Every structure is written in structure tokens, then in C-alpha cells.
Amino acid sequence: MEGQDEVSAREQHFHSQVRESTICFLLFAILYVLSYFIITRYKRKSDEQEDEDAVVNRISLFLSTFTLAVSAGAVLLLPFSIISNEILLAFPQNYYIQWLNGSLIHGLWNLASLFSNLCLFVLMPFAFFFLESEGFAGLKKGIRARILETLVMLLLLALLILGIVWVASALIDSDAANLWEFYLPYLYSCISLMGCLLLLLCTPVGLSRMFTVMGQLLVKPAILEDLDEQIYMITLEEEALQRRLHGLSSSAEYNVMELEQELENVKTLKTKLERRKKASAWERNLVYPAVMVLLLIETSISVLLVACNILCLLVDETAMPKGTRGPGIGSASLSTFGFVGAALEIILIFYLMVSSVVGFYSLRVFGNFTPKKDDTTMTKIIGNCVSILVLSSALPVMSRTLGITRFDLLGDFGRFNWLGNFYIVLSYNLLFAIVTTLCLIRKFTSAVREELFKALGLHKLHLSDTSRDSETTKPSANGHQKAL
């Protein structure tokens, strides 16, 4: 009987491993297909040649798609774990959800950590060096020569990173003589800390920028505005630009390019005005205010949760991200309000991720990284994939550090050294709350500041950059801003 029980246990273990592997493969296949369609939407069509460069671009495209799929998996990791915990609590004995268990969740966390580091340290550097390689001088040109040069560059990069981490670990911990015991954990901790710092920089900016972005996507209420008059004025300006464009000679190439760009801006603004005019009353007067109020509520809840987490850190040691481990998955709800609280946590996590991406592309430092439809080079696609990977990999750590969720970090995500430092975690929470509050205050007081600058005669000094968020201004041919 004991032998039969042992064989049955082995069979069950084997079937569970096969089932979990199949589920992971299907989930990743779906993410890979979606990532492929996203990248091909932005990839420059002129990069599609029929020669050696075409093979290199195709390999870089597949590696970038793999990285973007891993990034999407890292974003969905924490929400999927939270909702799985609530489902197991609600239906503990349901036969159709037996595949959803703690072993599957832990496996997904470990795979996300493994693939994130694989993409960050191996695949993306290989794709970049492979794309830029030409082969060593004296060797026959071809794919093999480019692969050889790429491998040599990867080896040199690995030695460089190894030396930097060895020096840093020696400065911090002089007793860490055995580098192999400290190298990978320390390197993971540094990368996660850099990702969280990048999120700390991008998320507050994105939270304030989201109001402008949604305002550009939705139709604003036409309060004290005459849309017919504005459309009439913009039509006259469009006709004037077309006459000027047709009157210039072909030798004045610089002026022609400027006028074409200005004409394109005028046509874009005219399209927006016509869309506002055609929009229904409920879309103008109900959807826009509702979305703005919803954004304000989500942002306020995020700041309040961070403030509560700061108080918990001061009085309770278990509030630390690297504190005591709670019950297993499906044992107890980690939210005070049960399923409703878990749904709110998931919404806030997605909201923070979208805000961080918006804030990342809103920063002037990363403004050139913004992808354009059918006009993005493979080099820029690789840079975007690496940036999204760093942000998405740090999202679970940031969500747990800020107290957005109480779900414990599983796998290698919970082994970062800096998560056990009270002062780093507390400072991170304080900085996030302060910077987010200042960004929101600056956003909602921009109109008042503009009026004060005009009243004091300081508007000519360009002390405010609210023109970036304005929809009624556009660049003119002489480089100045011209309002309708």
C-alpha cells in the first residue's frame, strides 16, 4: 500500500507540474502575441530589407518582443496573485479552480524574476550589440562575424559589471570575500533599487500628467466657447498657410518644411475642434467630468494609503516589505475590505503603472524615447523595451513598499537587501508622498500662476512651462507660440 501511495503521489506531482507548465506557456504565448502586434505597430517599415540586416533586425525584433512580454507578465504578476488569493478564499473546494494554487503562483513569481534578469542582462544587450555590430576587421563579413563581435562585447560588459559590483560589495561589506555568494543578490538589489528610484521619479509626474492626457483624449465641455467661430478661424488660417506654401519657391526648402509642419498642426487642431463639435451632450458634459473625478479619487487614495503606510512603519515592524511572512495563498484575505479591497488594490496598481509610463515619456530626459507609429527604429525599440522592463519589474516592489497592497513579495522579489532597511523604506514613502503632493499642487495652480505672472509682467521670462499642456497653442513658423 505504501508503494502504491508513493507512486500515486509521484503521478499527482508529475501531472501538477505538467499542468502548471502548460498554463505558464499559454499565458506567456498570449502576452508574446500581443507584444508582437504592439511592436510591429511602431516599428519603422523602412527597416524591413531582404539582406543580412533583415535577419539581424528580425532577431532583435523577436528578442524585444520577448522582453516586452516579460514586462507585461511582471505587471500582471501582483494583480493576478491578489485576485487568485480572493478566488481561492471564495471557492476553496471548487473543482474547476483546483489548478489555481500556491505552487502555480510561486512558479510564476520565480519565472518572472528569472526572465526579467535574463532579458535585462543577456537578451537586450545581445540585441543591441548585434544590431550595431559589423564584424571584426579582417574577418569575412556575415552573420557569424557579427555574432562573434556581439559575444565578445557581452563578455567585456560582463567583466565590467563584475568589477563594479565587486568593488561596491567590497566597500559595503569588507567580509564578503566570496564574491559568488554576494554577487547575484547584491546585483539584483541594485537593479531593483534603481527601478524603484525611476518609478519614484516618473510616477508623481505621471499622476499629475494623467489629467492632461485624459483631457486630450476626451471631449471637454464647451463652456463659454463658440466652437463654430473657432473652426471658422482655424479654417481661415489653414487656407492662408496653404496660399503661402504654394507661393514659396522650391529653393526655400527650410521655410517650406516649417510651413508644412505648421499646416499639419493646424489640421490636427481643426480635427480636434470638429470632433468636439460632433460629440454628443452626454459625452461632453458627463464622461469628461466623471473621468476627471475618478482620476482625482484614485490619486487621493494612493496618497492616503502611502500616508497610512508611513504611520504603520513608525509603530509596527510587520509593515516592512521584508517583514514576517503572512499566511499562504488562499488561507486569509490580505485586504481589510475583502474582495472589494482587493479589486481597489488591483486598480491602483494598474493606475500607478500607467502613470509611471506616462511620467517616463513626459520627462525631458526621456522625451526622445517616445515611440512613433510606423517610424521607430529598432535601436529605439530596444531602449523602450529595457525601460518598460525596469519599470514593470520594480512595480511589485514599489506597490508593497508604499503599502498599496499587503501581499508578500514572493521569490527573488522579496530577497532584496534594501527592503530590510527601515530608513530607506521610510524615506521612499516620504519622498513619494511629498513629491506627488507637490506635483498635484503645481498642476492645479498652474492657471493661477499664469495669471500672476501676467499681472506682474513676468510672463515674458517663460518662468512657467504650462504651454506644454495647453491645447490651444501651437508653434508658428517663427518659433513662437501663437494662441487662437
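What pattern does the protein follow, read along the sequence?

**Figure 1. Overview of the predicted model.** The pattern along the sequence is α-α-α-α-α-α-α-α-α-α-α-α-β-β. The protein has 12 helices and two strands. Both are DSSP runs numbered from the N terminus: helices are H or I with at least four residues, strands are E with at least two. Of the 484 residues in the protein, 40% are buried. Buried means under 20% relative accessible area, exposed means over 50%, and partly exposed lies in between (1.4 Å probe, protein chains only). The protein exposes about 27,300 Å². Carbon and sulfur atoms supply 65% of that area. Accessible areas come from the Shrake-Rupley method with a 1.4 Å probe; for residues, only the protein chains shown count as cover. Take the contacts between residues at least 6 apart in sequence: 78% of them join residues at least 24 apart. Contact means heavy atoms within 4.5 Å.

Residues are numbered from 1 along each chain as its sequence is written. In this predicted model, local features need pLDDT of at least 70 and side-chain atom pairs count only at pLDDT 80 or more, while totals for chains, interfaces and linings use all residues; side-chain values use heavy atoms, with hydrogens and water left out.

**Figure 2. Helix H2 packs with helix H9.** H2 spans residues 52-90 and H9 spans residues 338-362. Their axes are 10 Å apart, at an angle of about 175°. H2 is therefore roughly antiparallel to H9. Axes are lines fitted to C-alpha atoms, for helices over the stretch in contact, and angles run from 0 to 180 degrees between N-to-C directions. Angles under 35 degrees count as roughly parallel, over 145 as roughly antiparallel, 65 to 115 as roughly perpendicular, and the rest as oblique. H2 contributes Val75, Leu76, Leu78, Pro79, Ile82, Ile83 and Glu86 to the contact. From H9 come Gly338, Phe339, Ala342, Glu345, Ile346, Ile349, Phe350 and Met353. By class, the contact has 12 nonpolar, one polar and two charged residues. Ala, Val, Leu, Ile, Met, Phe, Trp, Tyr, Cys and Pro count as nonpolar, Asp, Glu, Lys and Arg as charged, and the others, Gly among them, as polar.

**Figure 3. Two further residues of helix H9, Val340 and Leu344.** Val340 counts as exposed, at 63% relative accessibility. Its C-alpha atom is 9.9 Å from that of Glu86, 254 residues apart along the chain. Leu344 counts as partly exposed, at 36% relative accessibility.

**Figure 4. A salt bridge joins Asp375 and Arg44.** A salt bridge is a side-chain nitrogen of Lys or Arg within 4 Å of a carboxyl oxygen of Asp or Glu. The count by this rule is one. The closest N and O atoms of Asp375 and Arg44 are 3.1 Å apart. Asp375 sits in the loop between H9 and helix H10 (378-401). Arg44 sits in the loop between helix H1 (2-42) and H2, 331 residues apart from Asp375. Asp375 is partly exposed at 38% relative accessible area, and Arg44 is partly exposed at 27%.

**Figure 5. Buried residues Asn384 and Trp109.** Asn384 lies in helix H10, with a relative accessible area of 7%. Leaving aside neighbours within four places in sequence, Asn384 contacts Tyr361, Phe369 and Pro371. Trp109 lies in helix H3 (residues 102-132), at 0% relative accessibility. The C-alpha atoms of Trp109 and Leu77 are separated by 7.0 Å.
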